[in-house]
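Please examine the sequence and the three-dimensional structure shown here. The paragraphs after them give a guided reading.

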Amino acid sequence: MRSTDRRNRSGIDRKTTGCHTVAPGRRNQPGIQTKTVTDKAERDSDARQATVFVRVLDKVASILATLAAAVAIGYLLWFAAGIVGSGITEIRGEEPLVISGVMKILLGLPLYTDPEQPPFDLVQYTPLYHYLLAGGSWFAGIEPGQAKAITSSARLLSVSISTIHLVILFLILRYAFQVRGVSAFVAAAAIWTMHAPWEFMARGDGLASLCFTLAIGIAFYALRRRHVGVRIYLFIAFASFLGYVAFMAKQNGAQICVVLLTYFLLQREWRCSVVVIAAAVIPLALTVWFSPLLVGEHFLDHVVGGLNNGIRIRGALEKAYLPVFLDLNMAALTAVGAYLTCLWWPAKSDPYRRFIAVALAVTFTLASLSSLKLGAASHYYNDYISVLIFAIAFWLGPIVRERVEYERPIRWAIAVFAVLFFGCFLYSFRNQYEKRDWTHFSNYERVVVRLKKDLTSRPDVSFFTIDPTLANHFPGRAVIPQYPLSAIMHARGVVDYREAEAMMQNGAVRWLFLGDGQNPERQLGFVGIEPGAYTRQDELDGFSIWVSAAQE
């Protein structure tokens, strides 16, 4: 035992230290110590280099995603600024119909008059956007009949609202849904680009979508913060009132109230359900009650009856379903949306997650059903797309925060998505809109001069044209100014034009401006009119001009 102790004390035994076994008596030998320090320094250097490289890759992913989204936003704003003063008569969506209603307001007439009495017009949409535009046009000193100026003002208003919408989208994603900065920016840009160009046109779509986005964000914020009592009622009342405002901009804006009511009924929150109904229905009931004084006696005839376009399944496929699910590649994202709906729908889910699930289901169902209506297009899915991107961005956030190993893959997935999506979208958008042979107001100059001279010489008569843009140059003097829509409404049995037929037969409608190769009997037959005797008088810039024989 003593010899063993002496050997131990003499340093023959070895001690394990890290990965090296060093005899106690040799620990301070210079060669071994230097080698150990060198290996550790090399490992630290390699780790630092790897960390720097990874950080650089992360920065590259963030820069690529941000740059792709910024380029898309910049291009679309440039396009929007270009169409404001372009003089293009119509981008899409029957813009002249809205312009016609604005001109009635500027003339001091009610917006909603009897569609079966002169001027036999159909407004179709709810009035808020019309009155905002009319107020702006009046303030700018624009006169009725200045079709180009009013159209430019309308697009300027729409582009301004759309730009505000982009900012609101980012703020809601960032602060209500708590999505990180780059991801929130990319998501907001993706929603906004898929809404283009509908939010840039002389229509109320952008205003309705802005109110819808605000309402979703406010309701989600209130549910996530678990507000109770009076506070939750105030938040829900405000969101529901925004649904009413959205409806007054365009009828589909009412879907936010459907989302809220469906959710609270499923949650058995009866008081919140009553708040939704009160905050939306009471203002609407007051609007209908006072509509004869405010907007005209035939408010419901236009905004309800004017939507009776009929159902076209093939039209829904070609104009709505294929552009959304194939061209925008929303089929894959909709599958993710279906997964999230099933995941968050059960009652045991957090209330705010279930709210998003209900919003996904309701907006998708309403968009798919309303797209069956004749005249539908891809923008019927705009609000569903907003909720879908909100849901996906919100779903990915906790995954990144709770599972650090997923952060880098998701960051790069977002970057790849942004580059491919925005790049392909802009290429497709440019081919669809920039390379089109547009009709400009300048194409109408000679026809307008000719017709203005004729109408000045005969202030007691009217004219008819198949072209709504030409009709908008002479508000109050054109009968059936929205001829394409009127033909659909007549076929559906919504309107009867016997009064217009009598005016044509007795010569009160002096001139007909039809297309080349068209004749009065065929074109007016689409609206149920036998026009009587008209003689072809002239041709000018694509119009055939017919004059009534009743006053010859």
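The model is a predicted one, in which local features need pLDDT of at least 70 and side-chain atom pairs count only at pLDDT 80 or more, while totals for chains, interfaces and linings use all residues. Residues are numbered from 1 along each chain as its sequence is written, and side-chain values use heavy atoms, with hydrogens and water left out.

A cavity is a set of points, on a 1 Å grid over the protein atoms alone, where a 1.4 Å probe fits but cannot get out, and its lining residues have an atom within 4 Å of a point. Grid points are joined across faces, edges and corners, and a volume is the space filled by probe spheres set on the points. Four cavities of 30 Å³ or more are counted. The largest cavity has a volume of about 110 Å³. It is lined by 14 residues, and those closest to its centre are Ser-100, Lys-104, Pro-475, Gly-476 and Pro-481. Helix 3 (95–106) and helix 18 (468–472) are the elements that give two or more residues to this lining; helices here are DSSP runs (H or I, at least four residues), numbered from the N terminus. Helix 3 provides the largest share, three residues.

The second largest cavity has a volume of about 60 Å³. Its lining consists of Asp-205, Ala-208, Ser-209, Lys-250, Asn-252, His-379, Asn-382 and Asp-383. Helix 7 (205–224) and helix 15 (382–402) each give two or more of these residues, and helix 7 gives the most, with three.

A pocket, by contrast, is an open set of points with protein on both sides within 12 Å along at least five of seven lines. The second largest pocket contains about 680 Å³ of space. Of its 28 lining residues, Ser-183, Ala-393, Leu-396, Ile-410 and Ile-414 lie nearest the centre. Helix 15 gives the most to this lining, with eight residues.

Leu-293, found in helix 10 (residues 270–294), is exposed, at a relative accessible area of 74%; exposed means over 50%, buried under 20%, and partly exposed in between (1.4 Å probe, protein chains only).

Side chains of opposite charge can pair when their charged atoms come close. The structure holds 15 salt bridges, each a side-chain nitrogen of Lys or Arg within 4 Å of a carboxyl oxygen of Asp or Glu. In one of them, Asp-121 pairs with Lys-104, the closest N and O atoms being 3.0 Å apart. Asp-121 lies in the loop between helix 3 and helix 4 (128–139) and Lys-104 in helix 3, so the bridge ties together parts 17 residues apart in sequence. Asp-121 is buried, with a relative accessible area of 1%, and Lys-104 is buried at 6%.

Arg-180 forms a salt bridge with Glu-407, with 3.1 Å between the closest N and O atoms. This pair links distant parts of the chain, 227 residues apart: Arg-180 is in the loop between helix 5 (147–176) and helix 6, and Glu-407 is in helix 16. Arg-180 is partly exposed, at 41% relative accessible area, and Glu-407 is partly exposed at 22%.
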